[in-house]
Amino acid sequence: MMDVTIIGGGPAGLMAAIAAAEQGAKTMLIDKGNKLGKKLAISGGGRCNVTNRLPADEVIKHIPGNGRFLYSAFSIFDNYDIIDFFEGLGVALKEEDHGRMFPVSNKANDVVNALLQRLDELHVTVKKNTVVKAIDYRERTHQIILDNQDNIESKAVVIAAGGKAVPHTGSTGDAYPWAKKAGHTITELYPTEVPIVSNEDFIRSKKLQGTALRDIALSVFDEKGKKVITHQMDMLFTHFGISGPAVLRCSQYIVKLLMKGLKHVEVQIDAIPDKPVHELFSELSTMIDQHSKKTFKNVAKGLVPERYLDFLLERNGISTTIKCANISREKLEGFINDLKGFPFQVHESLPLKKAFVTGGGVSIKEIVPSTMQSKLMHGLYFCGEVLDIHGYTGGYNITSAMVTGRVAGMHAAWETLS
Ligand SMILES: Cc1cc2nc3c(=O)[nH]c(=O)nc-3n(C[C@H](O)[C@H](O)[C@H](O)COP(=O)(O)OP(=O)(O)OC[C@H]3O[C@@H](n4cnc5c(N)ncnc54)[C@H](O)[C@@H]3O)c2cc1C
């Protein structure tokens, strides 16, 4: 009989197993994969953006999917504790832009290996290549039913089986039925942090494919033309639509509008967000006056990448050879308006299996925020992406997984040992 059994060896489950074993619980970790931490090992482009150094309040703000639920858990174990934890395991971390923390080695496997070594030191029983089929909830203990017909009896069960994004890593949504069986609500699942698809002509003709825009502001508008969200970061035009950090951050708002039944969602790119229209107009007008014999394209060069410039010029009927002296005020205004807010329609996202993160999941209303325990079933805990919690890219999802994992493992151990 186990004290605590954790299902799922991602960042949430690994941290839960370590926390439970550190409290002295007889702990088992089960994963269906041949390796633990598969998604962790490919995270952050193989470098693992393990957490973020921003103040805890800021970190929570960057978890728009129910981040506030994490306040209690953060008071027990937060992003700075994650940093200390890894430094304590000998994994030196470094800070990059926007507070993002990576291993100094740039190797996600160093993060995974440190966690595995700690499991080993703590004598956690690890069962790999072991698929959990169901959980039989009993009055005092629970039976974990494996697909090879074996059962594991455990006083407490921690479900850390992840969401449905990138299923080849093992996250195939297996845990939702187990949660439902315990009486839990699963809120609607949807892709978040996901590239966006558009069937606009300029996308279909691949005119801008491969063009990256740096530090632009991307805005999303609802059906009434009201701005829903703006994110200022980089973005990229692809063969199917748009991607890159600003797009990933805006994606959940687009997906939610589409889930409401909208056929299209309008987005706008402000390519020069730090300059208001009037300033841009007066700067360009002065340059036009000073360089009347130069082409307008030459004068506007440098404002944005050349392919995007050519695209906006063409959209406004401005030939690339037209001289400054011959450009009309109307065309100049149209061009500047596009620079500051090029509007176009998007109509879907890539599917959940291609998203970075799963939106929706086990409803947090049915989970005790300070322990991650189910309010509906004794001895049952949840942590990580299986919960209805999702953050922006930037280390926030792994942070949420590790914080909830730590708290779940610790409290599961206390419950069984008390
Ligand atoms: C390509 C990519 C890059 C990312 N980069 C970052 C990043 O740099 N920073 C960041 O914060 N977030 C990143 N994320 C998101 C982050 O990796 C996830 O949110 C996080 O891994 C979720 O952790 P988890 O432990 O809840 O679940 P997972 O990591 O999904 O782990 C779940 C585990 O459960 C196991 N499992 C599932 N079903 C069963 C079953 N029936 N029986 C036994 N075991 C089972 C799986 O095999 C898997 O090992 C990235 C995501 C992707 C896809």
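**Notes on the predicted model**

1. The second largest pocket in this predicted model has a volume of about 230 Å³. Two elements give two or more residues to the lining of this pocket, namely helix H2, which spans 38–46, and helix H6, which spans 108–121.

2. As for the lining itself, 15 residues line the second largest pocket, and those that lie nearest its centre are Lys35, Leu36, Val112, Leu116 and Lys128. Helix H6 gives the most to this lining, with 6 residues. When the lining residues of the second largest pocket are divided by class, 7 are nonpolar, 4 are polar and 4 are charged.

3. Turning to the ligand, 32 residues surround it, and the closest of these are Asp31, Ser171, Asp174, Glu385 and Ile398. At least two residues of this shell come from each of helix H1 (11–22), helix H2 and helix H14 (396–417). The shell around the ligand is made up of 13 nonpolar, 14 polar and 5 charged residues.

4. Particular atom pairs between protein and ligand also deserve a look. Aspartate 31 places a polar side-chain atom 2.6 Å from an oxygen atom of the ligand, while a polar backbone atom of lysine 32 is 3.1 Å from a nitrogen atom of the ligand. At tyrosine 396, a backbone N or O atom lies 3.5 Å from an oxygen atom of the ligand. On its own the ligand has 1,000 Å² of accessible area, and the protein covers 95% of that area.

5. Lastly, the charged pairs: side chains of opposite charge can pair when their charged atoms come close. The structure holds 21 salt bridges, and one of them joins the side chains of glutamate 22 and arginine 406, with an N to O distance of 2.6 Å. Because glutamate 22 lies in helix H1 and arginine 406 lies in helix H14, this pair ties together parts that are 384 residues apart in sequence. Helices H1 and H14 are also among the elements that each supply at least two residues of the shell around the ligand.

Key:
Residues are numbered from 1 along each chain as its sequence is written. This is a predicted model: local features need pLDDT of at least 70, side-chain atom pairs count only at pLDDT 80 or more; totals for chains, interfaces and linings use all residues. Side-chain values use heavy atoms; hydrogens and water are left out. On a 1 Å grid over the protein atoms alone, a cavity is a set of points where a 1.4 Å probe fits but cannot get out, and a pocket is an open set with protein on both sides within 12 Å along at least five of seven lines; lining residues have an atom within 4 Å of a point. Grid points are joined across faces, edges and corners, and a volume is the space filled by probe spheres set on the points. Helices (H or I, at least four residues) and strands (E, at least two) are DSSP runs, numbered from the N terminus. Ala, Val, Leu, Ile, Met, Phe, Trp, Tyr, Cys and Pro count as nonpolar, Asp, Glu, Lys and Arg as charged, and the others, Gly among them, as polar. A residue is near a molecule or strand if one of its heavy atoms lies within 4 Å of it. A polar contact is a pair of N or O atoms within 3.5 Å; within protein, one must be able to donate a hydrogen and the other to accept it, and residues adjacent in sequence count only if both atoms are side-chain atoms. Accessible areas come from the Shrake-Rupley method with a 1.4 Å probe; for residues, only the protein chains shown count as cover. A salt bridge is a side-chain nitrogen of Lys or Arg within 4 Å of a carboxyl oxygen of Asp or Glu.
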